[in-house]
Amino acid sequence: MKLKSGKASCSALALVMLSLTGAHAESGKIIHDAEHYVLEAQHGERWAAEDASLQEKLDALEAKFGTKPNIIHIMWDDTAVGEVGIPEIQAVRGFETPNMNQMADEGINFMRMYTEPACTPTRAAFQTGRYAVRSGMHTVSFPVEYSGMDAEEVTIAEVLSNVGYKTAFYGKWHLGDTEFSYAHNQGYDEAFFTPYNQVPSMWIPQAEAGNIITGMYPDLYAEDKYEMDKSWQPLGQVWTLEGTKGGETFEWGPPPNIENYWDIEIESQRRALAFIDKSVDEKKPFFIAYHPIATAFFPDPRNPQKVSANKNILQEALVKMDVFVGELFDYLEDKGIAENTLVVVMADNGPFIHYGPRGMVETLYTGGKGDFTEGGVRVPAIAKWKGVIEPDQIVGDILHVSDLFTTFARLGGAMDQIPTDRVIDGVDQTSLFMNGDGFSRRDYVMIYQGPNLAAGVKGRFKRDWKNATPGLSKNEFYDLYTDPREKNGEMIEMFHVKSMFNRQRARHEMWMQEYPNRPDATPGPALTGISNERPETRKLYTSPVETDKLPFTPQQLGNYPLPFAGSDM
């Protein structure tokens, strides 16, 4: 059935949603989450008119510059809304990011950019345009993971590559350690990436000697005569891999040299600028995802000097990244491509306030990394596109990290490359980027913690599904305008939104039955296919004992769902 644009009554909308199941799929159309069609039925005619006007502008830009626009996406870790882009807050936090603050002055400062609650899920949502629960990448990957993003997932790199873009990834990948999940096997022409988060930066002899970790280097302390299983603890590790599409995979800067870990950032930035050079020389549009590893959990002995008065790990990283952002914009100007390049900078989730390092604090909203509250899933996000995005904009519309997938595809002329056999949660937000405040095509977000639906947002309203009591509504409803920190849940005052949230969830879960999720990340041997493999690495994917002496096989375990995986947030 074809959804007609224009106004619709509540009963008509209900009929629309009932008839979607099993009958949506008009051939060649992107399948969105069910809630999108409720909006499209009401606003479709206006959106179509906006799209026609936007396409004229994009065509004019392509005629002027000779290529589709370049796109650079920078995403780092664990930062609260307000930590960048708002110098008034930085003034009382002991650090400054003048270049990103200038970006906000010269572009858009998004105040309602939603992500997933943690690193891996957000990065999966960005790459695929899908809530992480759909791809099975709903849980944070920790080394050694023995799983990764499935080969059948379609990334933004694949979408843009298919229409002639040069694509590159540098920095924190964090989407698995299986060979099929490597960045250059997921569509990127060139990749220099860390399979994991920053935790392995502590897996060094200095940390064992300092009693920060235990068991990674048992040769540094006396023998434990009660230790029976010498295979239980993985003693090998990989920090950084590199490769090209269809080419070999190599390890770069092998551990345990802590200086090599700190040099990941320097190398990522060097390669990003070099990739711009190559793309400009070839007169090709480029897409760069630079996701800074930013820092390590063990200090760089070469550079003990702090660069901020705050001096904590996040703020030190932000100040250093900000320097590169300034260099990047100067580089784009020198290359003459600043007016044909969209740059988006953002965080992947809220601050690491639960058992995290010092300096990770709530700023405007309650909660942080791992939480479904606004502080966990609202992040700073700034976009600049000289001559296209009007300067000095503060945008209060809702957008979700998955929207960047579809928006970048639209800007690159690659909408017909988006798969149409699965739900794509990302909606095209080109109108929001180019027309500004009030032009979002999203007023809803579904917030998952691992595989579990924890909360739903609809405009100014929010429902806490995680703590709802079956059979009785508690104080699980929030008005985010009057209670942005979610301190005083309401019941009596907000009974009128209960049934609306029930229908929202019913539509969402009905659509999941029609288009099922992957239950988990796809299992496989870890860190295979490395051409310069070290003996320590080989031990990570080979059995430590003779398998014919076991009543089960490693393959059986690899295909068995890991218990409590959803708790590894």
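Lysine 278 is partly exposed, at 37% relative accessibility. This residue belongs to a predicted model. Its partner is glutamate 190: the two form a salt bridge, with the closest N and O atoms 2.7 Å apart. Glutamate 190 counts as buried, at 15% relative accessibility. Lysine 278 sits in helix H9 and glutamate 190 in strand S5 (residues 190-194), so the bridge ties together parts that are 88 residues apart in sequence.

**Salt bridges**

Side chains of opposite charge can pair when their charged atoms come close. The whole structure holds 44 salt bridges. Here are three of them.

| Pair | Closest N to O distance |
|---|---|
| Lysine 278 and glutamate 190 | 2.7 Å |
| Lysine 166 and glutamate 282 | 3.5 Å |

Lysine 166 and glutamate 282 link distant parts of the chain, 116 residues apart. Lysine 166 is in strand S4 (residues 166-172), while glutamate 282 is in the loop between helix H9 (258-281) and strand S8 (286-291). Lysine 166 counts as buried, at 16% relative accessibility. Glutamate 282 is partly exposed, at 45%.

Next, aspartate 421 and arginine 422. Aspartate 421 is exposed, with 51% relative accessibility. Arginine 422 is buried, with 14%.

Salt bridges also form a network. Its members are Arg46, Glu50, Asp51, Arg410, Asp428 and Arg441.

**Nonpolar parts**

The largest nonpolar core has 115 residues. Phe110 and Phe287 have the most contacts inside this core. Helix H10 (residues 313-335) gives the most to the core: ten residues. Beyond its neighbours within four places in sequence, phenylalanine 110 is in contact with several residues, including Val379, Ile382, Leu399 and Phe433. A second, separate core has 26 residues, among them Tyr114 and Tyr444.

The surface has a nonpolar patch too. Val545, Leu550 and Phe552 make this patch of about 240 Å². Phenylalanine 552 lies in the loop between helix H15 (535-538) and helix H16 (554-558). Its relative accessible area is 45%, so it counts as partly exposed.

**Two threonines in loops**

Threonine 67 lies in the loop between helix H2 (34-65) and strand S1 (70-76). It is buried, with a relative accessible area of 15%. Its side chain makes a polar contact of 3.2 Å with the side chain of asparagine 340.

Threonine 373 lies in the loop between strand S9 (341-347) and helix H11 (374-377). Threonine 373 is buried, with a relative accessible area of 15%. Its side chain reaches the backbone oxygen of threonine 366 at 2.8 Å. Leaving out residues up to four places away in sequence, threonine 373 touches Thr366, Gly367, Lys462 and Glu486.

Definitions and conventions. Residues are numbered from 1 along each chain as its sequence is written. This is a predicted model: local features need pLDDT of at least 70, side-chain atom pairs count only at pLDDT 80 or more; totals for chains, interfaces and linings use all residues. Side-chain values use heavy atoms; hydrogens and water are left out. Helices (H or I, at least four residues) and strands (E, at least two) are DSSP runs, numbered from the N terminus. Buried means under 20% relative accessible area, exposed over 50%, partly exposed in between (1.4 Å probe, protein chains only). A polar contact is a pair of N or O atoms within 3.5 Å; within protein, one must be able to donate a hydrogen and the other to accept it, and residues adjacent in sequence count only if both atoms are side-chain atoms. Contact means heavy atoms within 4.5 Å. A nonpolar core is a set of buried Ala, Val, Leu, Ile, Met, Phe, Trp, Tyr and Cys residues joined through side-chain atoms within 4.5 Å. Patches are made of residues with over 30% relative accessible area and no salt bridge: like charges are joined within 9 Å, nonpolar side chains (Val, Leu, Ile, Met, Phe, Trp, Tyr) within 5 Å. Accessible areas come from the Shrake-Rupley method with a 1.4 Å probe; for residues, only the protein chains shown count as cover. A salt bridge is a side-chain nitrogen of Lys or Arg within 4 Å of a carboxyl oxygen of Asp or Glu.
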